[in-house]
Amino acid sequence: MFLYILGLVAVWFVYRWYRETKRVSNKEDKYVYITGCDSGFGNLLARHLDKLGFRVIAGCYTGKGEDELKKVSSDKLTTIHLDVTDSESVSKVAAFIKTLVGQKGLWAVVNNAGISVPSGPNDWLTIEDFKPMIAVNLLGVIDVTLSVLPLIKKAKGRVINIASVCGRISPFGGPYCVSKYGVESFNDSLRINMAPFGVKVLCIEPGFFKTNVTDTALLKNNLMKLWERLPQEVKDDYGHGFLDTTALILQIVDGDLMKVVGCMEHAISALYPRTRYSPGWDAKFLWLPMSYMPSWLSDTYLIKSKPRPKISVL
């Protein structure tokens with residue numbers, strides 16, 4: 001009986017693999033709009049799709065990002081300034097895209113733009129620390145999506161949202177996990193909402209990869225700034241050793257960004273994309289399984305694996 005079940009599972013995986021190798025046709029006629037293309041995943045994806053023949057519209061926050069991307073891309077790639085926290089900027093880009101794509105519509109939007117600081121224990125933060133990150137990571141995703149959704153519906157295209165394993169489980173405090181949980185919720189509701197229109201809404205949930213978002217120096221400086229402004233009583237509660245140990249943990253990241261870019265490209269170009277992608281060994285074998293555990297079990301692991309405050313009742 002066990003071998004019979006194992007055989008069925010193997011057949012299913014082979015069938016899924018074969019099905020997922022099929023790609024959409026006429027790539028040269030399909031426009032893909034990507035946010036956050038200055039660096040990291042967005043930059044690599046824009047260049048990768050450009051080589052594959054897609055017509056890429058790369059939203060960059062800086063002029064430098066636009067110039068450097070143009071140097072390594074073909075004439076088919078279009079760069080444009082975009083600030084996802086500014087609705088006027090988002091609307092201007094949407095109007096430009098509408099003129100550019102015409103009656104073909106927009107094949108895909110990839111909500112990639114994101115930031116990761118300030119991050120730290122919740123009692124190190126204020127409400128003002130939460131607002132900027134939620135504005136970029138969550139409200140920016142919603143604003144950009146809604147601005148081009150009529151064009152996506154016209155093409156029966158795709159919305160690809162870059163969430164995180166931190167949208168399923170919260171291994172640390174602060175607004176990052178809050179914003180990514182929000183992206184997951186928006187993604188799920190939009191997927192159900194858009195299904196009757198032939199629009200696919202897909203989610204990428206990467207583990208921890210080496211990008212500007214997880215830059216060790218940036219995160220260390222962020223922790224130091226938060227620490228320096230804390231009241232002495234909070235510093236005494238945690239102890240300086242907590243800060244040193246946390247800084248060491250931040251260095252555990254994956255350097256192969258193409259694992260994520262490959263999933264993003266598949267979500268855009270596969271005839272039968274997956275609803276969710278979890279690139280990274282830590283996402284597949286640690287964080288994703290942990291998100292399905294009873295909370296008492298996952299909480300126990302997270303509490304035991306994290307640096308201990310000086311004061312503890314555990």
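Student: Which side chain does arginine 274 meet in a salt bridge?
Tutor: The side chain of arginine 274 meets that of glutamate 20, at 2.9 Å from N to O. Arginine 274 sits in the loop between helix H10 (258-269) and strand E7 (276-277) while glutamate 20 belongs to helix H1, so the pair ties together parts that are 254 residues apart in sequence. A salt bridge here is a side-chain nitrogen of Lys or Arg within 4 Å of a carboxyl oxygen of Asp or Glu. Helices (H or I, at least four residues) and strands (E, at least two) are DSSP runs, numbered from the N terminus.

Student: What kind of model is this?
Tutor: It is a predicted model, in which local features need pLDDT of at least 70 and side-chain atom pairs count only at pLDDT 80 or more, while totals for chains, interfaces and linings use all residues. Residues are numbered from 1 along each chain as its sequence is written, and side-chain values use heavy atoms, with hydrogens and water left out.

Student: Back to that pair: is glutamate 20 buried or exposed?
Tutor: Glutamate 20 counts as buried because its relative accessibility is 12%, whereas arginine 274, at 31%, counts as partly exposed. Buried means under 20% relative accessible area, exposed means over 50%, and partly exposed lies in between (1.4 Å probe, protein chains only).

Student: How many salt bridges are there in the whole structure?
Tutor: A search of the whole structure finds eleven. Another one of them joins the side chains of arginine 23 and glutamate 265, at 3.6 Å from N to O. That pair links distant parts of the chain, with arginine 23 in the loop between H1 and strand E1 (31-34) and glutamate 265 in helix H10, 242 residues apart. Arginine 23 is partly exposed, with a relative accessible area of 33%, and glutamate 265 counts as buried at 10%.

Student: And what does arginine 276 pair with?
Tutor: Its side chain forms a salt bridge with that of glutamate 184, at 3.0 Å from N to O. Arginine 276 is in strand E7 and glutamate 184 is in helix H6, so the pair ties together parts that are 92 residues apart in sequence. Salt bridges that share partners join Arg168, Glu184, Asp188, Arg191, Glu205 and Arg276 into one network.

Student: New topic, then: how far apart are the axes of H5 and H6, and at what angle do they pack?
Tutor: Helix H5 (residues 127-155) and helix H6 (residues 175-194) pack at about 20 degrees, with their axes 8 Å apart. The axes are lines fitted to C-alpha atoms, for helices over the stretch in contact, and angles run from 0 to 180 degrees between N-to-C directions. H5 and H6 are therefore roughly parallel to each other, since angles under 35 degrees count as roughly parallel, over 145 as roughly antiparallel, 65 to 115 as roughly perpendicular and the rest as oblique.

Student: What about H2 and H10?
Tutor: Helix H2 (residues 40-52) packs with H10 at an angle of about 50 degrees, and their axes are 10 Å apart. That makes H2 oblique to H10.

Student: Last one: where is valine 90?
Tutor: Valine 90 is in helix H4 (residues 87-101), and at 0% relative accessibility it counts as buried. The C-alpha atoms of valine 90 and serine 147 are separated by 7.1 Å, although these residues are 57 residues apart along the chain.
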